[in-house]
Amino acid sequence: MDAPLEKIADPTLAEMGKNLKEAMKMLEDGQRRSEEENGKKLMSGDIPGPLQGSGQDMVSILQLVQNLMHGDEEEEPPSTRVQDIGEQGHIALLGHSLGAYISTLDKEKLRKLTTRILSDTTLWLCRIFRYENGCAYFHEEEREGLARICRLAIHSRYEDFVVDGFNVLYNKKPVIYLSAAARPGLGQYLCNQLGLPFPCLCRVPCNTMFGSQHQMDVAFLEKLIKDDIERGRLPLLLVANAGTAAVGHTDKIGRLKELCEQYGIWLHVEGVNLATLALGYVSSSVLAATKCDSMTLTPGPWLGLPAVPAVTLYKHDDPALTLVAGLTSNKPADKLRALPLWLSLQYLGLDGIVERIKHACQLSQRLQESLKKVDHIKILVEDELSSPVVVFRFFQELPGSDPGPNTVPAPSVAPSAVGRERHSCDALNRWLGEQLKQLVPASGLTVMDLEVEGTCVRFSPLMTAAALGTRAEDVDQLVACIHAKLPLLTCTLQLREEFKQEVAGTAGLLYVDDPNWPGIGVVRYEHANDDKNSLKLDPEGEKIHAGLLKKLNELESDLTFKMGPEYKSMKSCVYIGMASDDVDVSELVETIAATAREIEENSRLLENMTEVVRKGIQEAQVQLQKANEERLLEEGVLRQIPVVGSVLNWFSPVQASQKGRTFNLTAGSLESTEHTYVYKVQGSGVTPPQTPSAVRTRQRLPGQKPFKRSLRGSDAVSETSSVSHIDDLEKMEHLSGGQDAPEADSPEQHPGPPAAEAEQPGALQDGAQRPDDGRPQGEGVQSRFVEFHGSQTGLVPSVRGRVEALDSTAHKCFLH
């Protein structure tokens with residue numbers, strides 16, 4: 001190598017490269033093989049990228065892989081980054097490289113080596129998991145082992161299957177029994193792999209009246225078997241669970257084994273609870289799995305070993321049938337699948353294997369015991385203390401109802417209310433699970449939806465603890481986070497009904513029932529032009545809701561406001577997030593309604609003002625054209641010629657009459673500027689328009705955030721004020737001046753010109769004329785041509801900026 005491996009930033013890649021280099025040196029006895037150069041080299045321009053030239057060294061290649069793996073790591077959340085797999089993980093990864101190198105040995109050495117690896121791994125696994133005299137099949141896909149077992153069962157029960165094929169199955173259809181709690185897609189996978197129709201599958205329901213909701217109903221299974229035999233079918237195989245994929249329940253494997261022996265059915269067991277067979281104490285239900293015909297183990301997740309194959313242990317005496325079914329192979333590459341597991345088991349040893357499984361079970365028991373002391377948290381697997389899976393759910397009891405999964409509504413509680421409560425709890429549990437996953441990423445939590453219980457949170461350390469390095473401190477932190485989130489959950493669920501009633505009693509607001517939103521609720525503002533019966537998009541409503549969302553977020557309250565996903569009506573809504581118990585719902589709803597009305601009124605004001613300005617521009621253009629024509633008639637044609645006009649103006653100046661115009665935004669009309677030149681004031685007899693009603697705010701204590709209930713008392717804080725912005729300004733002027741504001745017509749408010757200037761009204765016109773064309777000059781006079789008679793202080797800031805822009809536009813367009 002041209003550069004050391006220490007330059008690689010990724011420690012995993014560097015360690016892998018180092019181990020591989022040392023292993024290759026030991027296996028090759030320090031000898032290097034020379035390579036013959038190919039005389040027919042490709043032109044460097046024909047092959048793009050790093051293949052050009054004489055090749056790359058190992059450091060450069062690993063650096064390229066590292067860039068591809070971690071190129072966008074800064075933009076990704078920490079949970080998506082490559083985790084530290086530890087030294088035992090390096091051993092497992094090294095097994096794949098060694099397997100590729102071992103395959104280059106001569107046939108005799110390869111046969112001896114692969115036979116030793118396969119026999120050792122099979123013996124160790126059978127002893128560790130108490131499965132005596134078993135064979136092993138190693139496979140990458142977890143379900144592949146069960147598919148090969150089904151083929152073996154078909155060959156065992158149908159003697160003529162090798163000759164007649166599917167004709168034998170057609171005459172006597174095989175039946176594969178699966179639990180209703182089996183992992184999703186398992187039955188479809190088996191039918192696709194075996195070429196069987198879907199009617200060959202039989203789903204066995206779980207207990208509905210007694211026992212667990214996730215255990216197979218043995219009595220009903222026996223009835224199904226008898227019915228299939230009477231119809232001329234062949235009961236072939238039963239898949240039992242030692243720890244269901246959802247909640248970790250274990251079927252009554254002992255009774256199922258007796259039933260399978262009675263009817264000659266192959267019994268296959270799978271599940272996460274099979275890992276507990278390596279411990280000193282094993283529950284009787286799981287221990288019965290050692291008597292089954294086959295079982296599938298997944299030691300990779302249990303022990304934190306990456307890229308390690310799954311193992312299917314089975315018992316069968318006919319090697320010819322196992323070879324036909326694909327469970328055994330004469331290919332050395334198939335036998336080398338066990339090499340990574342062979343190396344990893346030796347590295348961990350029996351104590352290391354048992355310690356990892358025991359640690360995961362202790363984490364589950366620790367969390368289960370802690371959650372029993374937490375209110376409003378229900379554990380779904382309390383009847384099986386040995387299960388390494390903990391599934392819990394937040395719940396809130398309704399008055400007069402039982403919080404259990406099979407709750408029968410009390411007479412005082414309507415079924416619709418129970419249904420709404422169930423959907424609300426599902427949304428809150430989904431939010432709780434996502435929050436806990438972010439706060440405690442080492443816990444490895446998953447959120448799942450169960451048919452009966454609803455949305456739940458699952459903690460399965462056997463599948464995640466070894467890889468994530470979960471410790472007891474992480475479990476304690478998880479419980480503390482649950483305690484911290486419970487007040488938000490309970491209060492939000494309680495405030496939902498109050499929020500719904502407040503919205504229903506407020507004009508202009510519509511409550512939107514979205515069961516998937518984990519917050520106080522969803523509200524939509526119905527504006528004047530809203531078509532309630534239409535499902536089309538509403539641009540005006542979207543504009544109002546976007547402004548409403550911006551205003552609410554500017555209040556800096558503890559609540560979160562979002563636009564949220566599009567609802568069924570395809571119209572905009574405001575989604576309000578989680579809330580604590582000190583939220584004043586009435587103030588919240590009142591603020592939403594008042595803010596939305598203000599935004600709508602401001603929008604109308606801008607639209608009306610835009611229309612007024614457009615009509616004013618058209619009228620101004622007509623009047624300007626008339627003024628130009630009158631000017632031509634008054635001055636004559638000769639004065640319009642540049643040279644001749646200048647000479648005539650020098651000999652005989654023209655005293656042109658000044659016809660200025662001002663545009664009144666309030667009245668929407670053009671007016672004469674004669675009074676402006678004479679009295680040097682800008683006034684109007686038109687009353688300013690009323691400003692939109694401002695949002696009424698409650699009196700708050702210093703430092704109190706919006707929508708918070710006051711601690712001093714509800715009487716003093718619940719009062720509201722409907723004072724507009726003009727009244728607020730009058731109050732401020734009254735307080736600052738110490739006396740009432742002066743009247744609008746008083747001389748103090750509109751001071752007139754001095755006596756000397758008032759006696760000479762023509763002085764302004766004379767000083768504002770040019771000798772050539774008589775047009776006014778100077779910004780002091782030009783700024784008076786356009787005036788805004790409405791009080792800008794009475795408008796909200798969003799409108800005031802538009803008014804100033806319109807003022808400037810009118811100044812440029814209307815007058816010269």
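Guide: The expected span of a helix is 1.5 Å times one less than its number of residues. Helix 3 (residues 86-102) has 17 residues and should therefore span 24 Å, in agreement with the 24 Å between its end C-alpha atoms. Helices (H or I, at least four residues) and strands (E, at least two) are DSSP runs, numbered from the N terminus. This is a predicted model, in which local features need pLDDT of at least 70, side-chain atom pairs count only at pLDDT 80 or more, and totals for chains, interfaces and linings use all residues. Residues are numbered from 1 along each chain as its sequence is written, and side-chain values use heavy atoms, with hydrogens and water left out.

Visitor: Which residues of helix 3 are buried?

Guide: Buried means under 20% relative accessible area, exposed over 50%, partly exposed in between (1.4 Å probe, protein chains only). Among the buried residues of helix 3 are Gln88, His90, Leu94, Leu98 and Ile102.

Visitor: With which strand does strand 6 run antiparallel?

Guide: Two strands pair if DSSP finds at least two bridges between them. Strand 6 runs antiparallel to strand 7 (residues 310-314), with 4 bridges; Thr296 is bridged to Thr312. Strand 5 (residues 266-270) pairs with strand 6 in the parallel sense over 3 bridges, and His268 has Ser294 as its bridge partner.

Visitor: Why does Arg393 count as buried?

Guide: Arg393, in strand 9 (residues 390-394), counts as buried because its relative accessibility is 8%. The side chain of Arg393 reaches the backbone oxygen of Glu453 at 3.3 Å.

Key
A polar contact is a pair of N or O atoms within 3.5 Å; within protein, one must be able to donate a hydrogen and the other to accept it, and residues adjacent in sequence count only if both atoms are side-chain atoms.
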